[in-house]
Amino acid sequence: MTDEGGPRRTRLYGAVDLPDPTIDETGALPAQPGLSPGEYLEHYRIEGVLGRGGMGEVLSAKDEQIGRSVAIKRLRVANPSAHVLDRFLREVRIQSRLEHPAIVPVYGLYADVEQPFFVMKQLAGTTLAEVIERLARGDVADAKQFSRQHLLRAFVDVCLALELAHARGVIHRDIKPANVLVEGAASDPLAKRKALLMDFGVARLADDPRAPDASLVGSLPYIAPEQIQNADAIDARADVYSLGATAYELVTGRPPFVDDNALGLVLAHLNQPPADPRTFAPELPESAAKAILRALAKEPADRYATAPAFADALAR
Ligand SMILES: Nc1ncnc2c1ncn2[C@@H]1O[C@H](COP(=O)(O)OP(=O)(O)O)[C@@H](O)[C@H]1O
Ligand SMILES: [Mg+2]
């Protein structure tokens, strides 16, 4: 599994090093003490770490009452602010209510414990970020195992998962390759691979009555221009943009804009038209290239209005 890294880590995008793109509020705070294999959270025996993101840590554990492996997500910070905690609880509630084959099912929440955590289905697979990285390294076995066309087809599942989220008034706000998991063991036939959307950590309910959440959330290589300008006043089309940026990286190996300077990325999203993905992926069908560019339109009104409309255009 991937380690998205802390805020000061770098990760590789094609040949270019970018600062870690995850925008979060935990950077300066002390991390929770780690749990070692064999330790317990309630009746869950910890087996190891499945992955880490900007905010959370996902552990592999065994549910000793039922006797199955699960994934446990908890915050990485030791003393989360009320705001961070509130957002964490919102994440669980949002994800739990979205029952869809491409959204990870939640089994339960432990909120009234010292360090709240929730339990979900443990998936076996690879994040899209990891797959892209491996393809960028030019591994021949990987190139056979994950053809871009197949991955694009799996990615359509993620668009359809978002259709449900959007219908329920949920905007994900952090669609990116690290938040998509491609299921399946290496030995599985490609045709059987499924993609799932993870991480509703910064998702927002469109009509949330709470005080506006003015902080900038999302990940810079994938963030929509209007989400940079006002994270609060966005709709489903901001996710369509991030889907477009993710699909762009999936087919070309690099996000639409590459800049090791955060301000440079911001300005590119706001003002610069992305290069045609066929510049980097000449074999890409014209229809898919056009679909990706349309999803990346600066003006929300010029994009696909819905995630499934983008999925249709991609799958054509
Ligand atoms: N249900 C799961 N099964 C297996 N691995 C998971 C699961 N959920 C998350 N992961 C792994 O943990 C990483 C971080 O999870 P994520 O929910 O994105 O956390 P964060 O909010 O910190 O970004 C993912 O990129 C993935 O590698
Ligand atoms: Mg994440």
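Modeller: Let us start with a helix pair: the axes of helix 8 (residues 286-295) and helix 9 come within 8 Å and cross at roughly 155°. This is a predicted model, in which local features need pLDDT of at least 70 and side-chain atom pairs count only at pLDDT 80 or more, while totals for chains, interfaces and linings use all residues. Residues are numbered from 1 along each chain as its sequence is written, and chains are lettered from A and ligands numbered from 1 in the order in which they are written.

Biologist: Why is helix 8 called roughly antiparallel to helix 9?

Modeller: The axes are lines fitted to C-alpha atoms, for helices over the stretch in contact, and the angles run from 0 to 180 degrees between N-to-C directions. Angles under 35 degrees count as roughly parallel, over 145 as roughly antiparallel, 65 to 115 as roughly perpendicular and the rest as oblique. The crossing of helix 8 and helix 9 is at roughly 155°, and therefore helix 8 is roughly antiparallel to helix 9.

Biologist: Which residues make the contact of helix 8 with helix 9?

Modeller: Ser-287, Ala-288, Ala-291 and Ala-295 of helix 8 meet Phe-310, Ala-313 and Leu-314 of helix 9, where contact requires C-beta atoms, placed from the backbone, to lie within 7 Å. By class, these residues divide into six nonpolar, one polar and no charged; here Ala, Val, Leu, Ile, Met, Phe, Trp, Tyr, Cys and Pro count as nonpolar, Asp, Glu, Lys and Arg as charged, and the others, Gly among them, as polar.

Biologist: What makes helix 6 roughly parallel to helix 9?

Modeller: The axes of helix 6 (residues 236-252) and helix 9 (residues 307-315) come within 9 Å and cross at roughly 25°, so helix 6 is roughly parallel to helix 9. The contact is made by Ala-236, Asp-239, Val-240, Leu-243 and Ala-247 of helix 6 together with Ala-307, Phe-310 and Leu-314 of helix 9, and its residues divide into seven nonpolar, no polar and one charged. The crossing of helix 6 and helix 9 is right-handed, a word used when the near helix is turned clockwise from the far one by less than a right angle, with left-handed kept for anticlockwise.

Biologist: How do you know that helix 4 is roughly antiparallel to helix 6?

Modeller: Helix 4 (residues 148-167) and helix 6 pack at an angle of about 170°, with their axes 11 Å apart, and so helix 4 is roughly antiparallel to helix 6. Among the residues of this contact are Leu-151, Phe-155 and Cys-159 of helix 4 and Leu-243, Leu-250 and Val-251 of helix 6. The whole contact of helix 4 with helix 6 has ten nonpolar, one polar and two charged residues.

Biologist: Turning to the strands, why are strand 4 and strand 8 called edge strands?

Modeller: Helices (H or I, at least four residues) and strands (E, at least two) are DSSP runs, numbered from the N terminus, and two strands pair if DSSP finds at least two bridges between them. Six strands form an open sheet in the order 4-5-6-7-9-8, with antiparallel pairing. Strand 4 (40-41) and strand 8 (106-110) each pair on one side only and are the edge strands.

Biologist: Over how many bridges do strand 4 and strand 5 pair?

Modeller: Strand 4 and strand 5 (residues 44-52) pair over two bridges in the antiparallel sense, and two is enough under the rule of at least two. Tyr-40 stands opposite Arg-45 in strand 5. Strand 5 and strand 6 pair over seven bridges, again antiparallel, with Ser-60 in strand 6 as the bridge partner of Gly-48, and a hairpin of three residues joins these two strands. Strand 6 and strand 7 run antiparallel and are joined by eight bridges; in their hairpin, which has four residues between the strands, Gly-67 in the turn has a positive phi of about 85°.

Biologist: Which residues are closest to ligand 1?

Modeller: Of the 24 residues that surround ligand 1, the closest are Gly-51, Gly-53, Gly-56, Val-58 and Asp-199; a residue counts as near a molecule if its C-beta atom, placed from the backbone, lies within 6 Å of it. Strand 5 gives the most to this shell, with three residues, and the shell divides into ten nonpolar, nine polar and five charged residues.

Definitions and conventions:
Contact = placed C-beta atoms within 7 Å.
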